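Hi,

Here is the structure I promised to pass on. Could you take a look at it when you have a moment?

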Amino acid sequence: MHRPAYMTMDAKTSPGRQDAGQTIAGAVGSPIPHDSAHLHVSGEAIYVDDIPERQDLLHLAVGMSARPHAKIRKMDLSAVRRAPGVVAVMTAADIPGENNCGPVIADDPIFAPGLVQYVGQSVFAVAAETVDQARKAAKLATIEYEDLEAILDPRAALAAGSFVLPSETITRGDSQAALADAKHRLQGSLNVGGQDQFYLEGQIATALPAEDGDLYLYSSTQHPGEVQHLVAAAIGKLSKDVVVECRRMGGAFGGKESQPALIACIAGLMADKTGRACKLRLDRDDDMIMTGKRHDFVIDYDVGFDATGRIEGIEFMFASRCGMSADLSGAINDRTMFHCDNAYYLENVSIVSHRCKTHTVSNTAFRGFGGPQGMFGIEYVVDEIARYLGKDPLEVRKKNFYGVGERDITPYQQKIRDNIIEEIVSAVEKSADYQERRKEIRAFNKESEILRRGIALTPVKFGISFTATHLNQAGALVHVYTDGTVHLNHGGTEMGQGLFTKVAQVVAEELQIDIDRIKIMASDTSKVPNASATAASSGSDINGKAAQAAAAKIKRRLIRFAAKHFAVPKDDIEFINNRVRIGAESISFEDLIKRAWFARISLSATGFYRTPKINYDRSTFSGRPFFYYAYGAAVSEVIIDTLTGENRILRVDILHDCGESLNPAIDMGQIEGGFSQGAGWLTSEELCWNSDGELTTHAPSTYKIPTCSDLPVDFRAKMFEAGRNREPTIYRSKAVGEPPLMLSLSVFHALRDAVASVGGDRCRPQLDAPATPESVLKAVTAMQAEGGSS
């Protein structure tokens, strides 16, 4: 395998210094390992299920609906209550507070209150002495249903006018007139599937009763504050009565942003009811059945363009499967609308977004948060235009790119001030030898009867910030102890992405101490209140800035103290490499801390950050929802077997912009991992429901995530060396959690390129995502039926 550059990268000198010998260990820009890497590989990392259990712990299980849409006529739980080991049973009628775990709208009950709306919806919970006793007891319930009509897919929801939220529209220019006047026009429909987050650690929460009716919860969640508020409301208490802690998650990918609230609420309710510690841990099948996934979409388009492929007018209709409740679908579908331009200027455009209510599990956040589906739509359209005109799709992509100083306003009226997409695309086109390989692949396909290859280069422009402006804020808490060591808390959560490591590097840089002197503490609502979810790729941006502010506050106090104590000007005091230069004298950081403590200087501080410059009016879908954009591009080459549809990725070349990376090793992991996860979404991860509304792909035996063997043998990923955020982010870095996932669109279009070769380059095969072997074979067969080669 081609080795990424970061594997041989030297530690980067901290900002503002040239001498690497003066660099602290773990400085910003250093490719140091994840802080818990040694614990991950040794099995010593502590997750919620590893926390020692109290002697009085009860294990919980959930009784789930067997119908997609029905009234509960009768529910007999007597057999459940009589089952061995059962201590308590709980239904909607037993909830002392609010029967809701919905994050935005109160439309998602903890327990179904007489009406079930998807197969797998929680109806009751049982507490027992062991896990097996609880799970066996939950299956003993007798429930009588009165079935109601079930809507199971977006097209059916559109026909029935079934929506969880009002439909929305963004328009600019006159798309109808542009379409009517265009020399060429294409229309079509396509489908893009959903995706299960398939985190390694499943959904879990443990609730511990504390004195005076309080609760302490361990929850595997990206949003401890939201869990705190919803659990408190469910048990009829206030937020001050509930504390939620999360040291780490074993993966999340958006699936633990809103979904953990249900699990935590059930655990909290049962702990409050029984007065005993309670743990709810879903097994993999129940987890996949009960929890939301990436939204699947149907997309209709109507596009007009000139002979060069430049888009003159376009109309999009996006209809997503939201499931039975709103969950986070409003913001997710908004982001779909914001990203269906990707890197392209759309002068005359209409975007209609329908948020469809279906009787399936409520879909939720997943890496990219609606953006990937929007990008899928426009990239498909651009590819269609190129194949219709007989052009290289890259040529048409370049023809439609946003400009610099012109053609630079998005459909939502944000001016793009940091456009580097042409620079990145040109660089990866050259480094990947795209043009020569494209010629060679076409020559190969002319001679190969069975195996066909394809290649594609696709760009990424992804907006960074929560589109809900109020969420763009973060807090941090830093303690410095008298031996010069530090405890660091902030509102972000660690799910394996390396956020805690990066934020610790920021504090180490600010205080100029080695990173091993900093202890990274668990996310804790009693330490940092009201934190936003760790989502929207904003974790390092906002939490890094908040932690830097807290450390800087302590540093300023120390400078004031040292200036007075040593009688030197403040400007003559410098923190550098674990020491403090005070005039002509140099003392250790620890020495200064001890002196400051004796002088009664506070060595603890909070920090706060709010993202500047953003403003957005959702009523008009206009303003500046994003602080900046992250850019990237990828070239993927694939090969398919036309007899079976089987395929694999042969090579990928990625160039991605991380700004001035806080940690190149961690960022490279995000680039490679994001791409691979996206490739799974677009090729192998297929979610299937039967006519009874039952999810039939709810285990790794039927739901196929990528494995190591699915990675390209030749994997070349690089960071854009000239990258530097034009906005004043933390050390001019850029977010890297979500944007690389969309680089995988190159894989889908390489597959489409290979399929098209069966019928000729001007053929436009119908290929939906995921492009499973079955889908590829179906598309190949259709090309052959239209008169292509066999």
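Below are my notes on its salt bridges.

A word on the basis: this is a predicted model, so local features need pLDDT of at least 70 and side-chain atom pairs count only at pLDDT 80 or more, while totals for chains, interfaces and linings use all residues. Residues are numbered from 1 along each chain as its sequence is written, and side-chain values use heavy atoms, with hydrogens and water left out.

I found 47 salt bridges in the structure, a salt bridge being a side-chain nitrogen of Lys or Arg within 4 Å of a carboxyl oxygen of Asp or Glu.

Arg618 and Glu168 form one of them, at 3.4 Å from N to O. This pair links distant parts of the chain, 450 residues apart: Arg618 is in the loop between strand S25 (615-617) and strand S26 (622-624), and Glu168 is in strand S7 (residues 163-172). Strands here are DSSP runs of E, at least two residues, and helices are runs of H or I, at least four, numbered from the N terminus. Glu168 is buried at 17% relative accessibility, while Arg618 is partly exposed at 35%. For those words, buried is under 20% relative accessible area, exposed over 50% and partly exposed in between (1.4 Å probe, protein chains only).

Within helix H13 (residues 434-447), Lys439 and Glu436 sit three residues apart, about one turn of the helix, and their side chains pair at 3.7 Å, N to O. Lys439 is exposed at 55%; Glu436 is partly exposed at 44%.

There is also a salt-bridge network linking Asp383, Glu384, Arg387, Arg442, Arg752, Asp753 and Arg764.

Cheers
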